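Please follow this explanation with the sequence and the coordinates at hand.

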Amino acid sequence: MQSNWMSFVEAVTNIVVGYAFAVLTQMIVFPLFGFHASLGENFLLAALFTGISLIRSFAIRRAFNGAWMARFHDRTRAH
């Protein structure tokens with residue numbers, strides 16, 4: 001079982017690596033589609049996409065947790 005601290009370290013590492021990959025991907029892919037963004041614009045866009053991804057991930061995790069807890073609660077009430 002992972003400690004809370006290690007879960008936090010893993011989450012931060014995931015965000016940092018994802019952000020770096022987003023910037024790099026944008027710098028490679030955008031010009032292929034005719035979009036030309038400065039380095040600063042790429043950093044800002046990646047930050048926006050990362051923020052949206054965090055919100056999405058949190059919402060999905062809470063929805064799954066809520067569904068799991070409701071299912072668990074229903075099973076324990078049945079017995």
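**Aromatic pairs, a polar residue and a pocket**

Across the whole structure, a search finds 3 aromatic pairs. One of them joins Phe-30 and Phe-35 in an edge-to-face arrangement, with 6.1 Å from centre to centre and 75° between the planes. The label follows from the angle, because planes over 60 degrees apart count as edge-to-face. The model is a predicted one, and the distance and angle are computed from it. Phe-35 has a relative accessible area of 53%, and it is therefore classed as exposed, the threshold being over 50%.

Asn-42 belongs to helix H2. Is Asn-42 buried or exposed? Its relative accessible area is 4%, and buried means under 20%, so Asn-42 is buried.

Two elements, helix H1 (4-32) and helix H2 (39-78), each give two or more residues to its lining. The lining consists of 17 residues, and those nearest the centre of the pocket are Ala-11, Asn-14, Ile-15, Leu-54 and Ser-57. What is the make-up of the lining by class? The lining has 8 nonpolar, 7 polar and 2 charged residues.

Definitions and conventions. Residues are numbered from 1 along each chain as its sequence is written. This is a predicted model: local features need pLDDT of at least 70, side-chain atom pairs count only at pLDDT 80 or more; totals for chains, interfaces and linings use all residues. Side-chain values use heavy atoms; hydrogens and water are left out. On a 1 Å grid over the protein atoms alone, a cavity is a set of points where a 1.4 Å probe fits but cannot get out, and a pocket is an open set with protein on both sides within 12 Å along at least five of seven lines; lining residues have an atom within 4 Å of a point. Helices (H or I, at least four residues) and strands (E, at least two) are DSSP runs, numbered from the N terminus. Ala, Val, Leu, Ile, Met, Phe, Trp, Tyr, Cys and Pro count as nonpolar, Asp, Glu, Lys and Arg as charged, and the others, Gly among them, as polar. Buried means under 20% relative accessible area, exposed over 50%, partly exposed in between (1.4 Å probe, protein chains only). Rings of Phe, Tyr and Trp (its six-membered ring) pair if their centres lie within 6.5 Å; planes under 30 degrees apart count as stacked, over 60 as edge-to-face and the rest as tilted.
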